[in-house]
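Colleague: I have a model open and would like to go through it with you. Could you take my questions as they come?

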Amino acid sequence: LTLPQFVQLMDNFVGEDISLPTVKRLTAFIKREYKQTEEEKVKQREKIHHISHVAQRKQLLEALFEKWDSKACGSLDLEEVIAVLSTFKGHMGKEALMKAKEQLFSRYPQLSKVGKLSPKAFQTFVELIASIFTDNEDETIDNLVRFLTTNVEQSHTKSLQSSARRKWLQDIQKAAETSRTSMEPVYKAVIKALSQDMEAHGDKKKISAYIALLEENQLSPEKGEVLLRYVACTADDAPHILNQVLHRDMKGVSFAAIDQGKPIYVPRVEHHGNIHFWNSDCPEEEKKGSFLVLPLYDAHWRVFGILGLDTLWDQCHKSIFLTHEITFYEGVCHAFSKAYHHVCMQENVLQVAVTALDWLYPRTPSIHTVTTYLVEPGTDKNYALCKVITTDNTGQKEIHRSPVVLLREENLLRDYLFKCTDSSEVTLTSIYGEHHIAVPLHDLSRQTLAIFDISIGQHKKLPPQEQKDLQKMLKMVQAACSEILQRSLEEREPTQVLEAERVANVRHAGILFHRFMLQELRECV
């Protein structure tokens, strides 16, 4: 138990009405009776050492990845990494490298096609190489890191890391974490990052930028199973591009970039012959400039859309995209993908919550209201709680499209919600005679992702059957949320159990809640 968890456990145990002398007697009793055996102490030390060691290794390899990724593109070229690693420990190193490469492709099948290493895949690759050597694995990783650091510094002496570019990429992720399930701040952060980079490092070229996402083509499948819908673009292009739809049978190279999984660059669009121009008012003689389209990948290296850029608005007509610019745009794609899927994850968690609350309300009439909060990250304890759903005991729900934001210092009566977030444990309290149960939803590292604030009015506790149904609901919601979070990991493909999950046009995460309910029912029968 961490300190906040221990305090919360004791607080729940003693309740609200206990006297100070009783608390002191309980404290003295615990101090007197709690004893650790020598074996428990050793195990605890080993566990702490292991956790610290894993965290340090992760931090070390992340720093190495960032040093190598000096152009902030968010991934490393696999062949370039292999070329450097092939000189480590001579012939024996090459054998270990080939075995590790086979194991890496087995774990990440898409890598053999795309040839790019994400930070997680890079860490896995280094650990696989180290595990194949007969030497001490930790010592081998240390040697590998030193070796790679030296070689990377030699390889990139002329390539300076741009702190401004990294800051702009971080702003995209920050926009996702504070967007409260809206994609608009993320789109704006992407367009802003591209514009700022062009201003600072792109010879002040005037660019157009746009994001298009793949959708199932339900209205006209004869034009192709999927279509591209343009969801964001630079302000000047909005009248011509925003919400437009590109089909496979239309002019353009975007679907070729999707099918090939590689960027397509057209230096002179006037000589290409297969470029789709959205602005029909633009005279033919002015349709000059460069065009670049980059595929957007999810964590499993599957394409889900495109990022496009062109210089058609640039009157100089000398504007081409340079290599360092294209590399940075790949980093923007990577940052956008992370941000996009973070927002999708939050939306899915809320869909699960809505489905669970629909299941709960007819079974628990003693519950007055359930308020759902998302935790918005901040530095240390300076996070915010965003009220996103309020449900009463008739099942009526209010979805807060503009969420109410709670800050700790401004909401002393809601301090129990912040205690729940800090400890990631159930918290009980009473406010003006109204009893509340605050229940956290955990992420995969047991940090608080969201909170259910359950008001049971004047009742100090729920009737047994209602308590049982509430516990079942909370258990299934946590299982569904963990599944959603697992799906975002590179190591694991989605697990599908119900037929509804296999249907392409069903993307409602609430199905997961019913799936876990059904699985538990099957186990009980």
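Colleague: Which residue in E14 is the bridge partner of His436?
Modeller: In this predicted model, His436 has Ser455 of E14 as its bridge partner. That bridge belongs to the pairing of E13 with E14, two strands that run antiparallel and are joined by seven bridges.

Colleague: And what sits between E13 and E14?
Modeller: The two strands form a hairpin with five residues between them. Strand E13 covers 434-442 and strand E14 covers 448-455, with Arg446 in the loop that links them.

Colleague: What is the phi of Arg446?
Modeller: Phi of Arg446 is near 65°, which is a positive value in a residue other than glycine. Most residues other than glycine have a negative phi.

Colleague: Is E14 mostly covered or open?
Modeller: Strand E14 is mostly covered, since eight of its eight residues are buried.

Colleague: How many bridges hold E4 and E5 together?
Modeller: Strand E4 (residues 226-233) pairs with E5 over two bridges, in the antiparallel sense, and Arg229 has Val245 in E5 as its bridge partner.

Colleague: What about H9, how far does it reach?
Modeller: Helix H9 (residues 163-177) has 15 residues and reaches 21 Å from its first C-alpha to its last, close to the 21 Å expected at 1.5 Å a residue.

Colleague: Which of its residues are buried, and what covers them?
Modeller: The buried residues of H9 are Arg165, Arg166, Trp168, Leu169, Ile172, Gln173, Ala175 and Ala176. What covers them includes helix H3 (38-68), H10 and H13.

Colleague: Anything to note in the loop between H9 and H10?
Modeller: Thr181 is found in that loop, and its phi is near 70°, a positive value in a residue other than glycine.

Colleague: Last topic, the nonpolar core. Which residues have the most contacts inside the largest one?
Modeller: Those are Leu117, Phe122, Phe125 and Leu148, in a core of 55 residues. Helix H7 (residues 119-132) gives the largest share of this core, seven residues, and the core draws at least three residues from each of domain 2 (39-151) and domain 3 (178-340). There is also a second, separate core of 38 residues, which includes Ala193, Leu292, Leu307 and Leu309.

Colleague: What is Leu117 in contact with, leaving aside its neighbours within four places in sequence?
Modeller: Leu117 is in contact with Phe65, Gly74, Ser75, Leu76, Leu78, Val81, Leu104, Leu111, Phe122 and Phe125. In soluble globular proteins, nonpolar side chains tend to be buried together.

Terms used:
Residues numbered from 1 in each chain as written. Predicted model: local features only at pLDDT ≥ 70, side-chain atom pairs only at ≥ 80, totals over all residues. Heavy atoms only, no water. Core = buried A, V, L, I, M, F, W, Y, C linked by side-chain atoms within 4.5 Å. Buried < 20%, exposed > 50% of the residue type's maximum accessible area, 1.4 Å probe, protein only. Helix = DSSP H or I, 4+ residues; strand = E, 2+ residues; numbered from the N terminus. Domains from an automatic or database assignment. Contact = heavy atoms within 4.5 Å. Pairing = 2+ DSSP bridges. Expected span 1.5 Å × (residues − 1).
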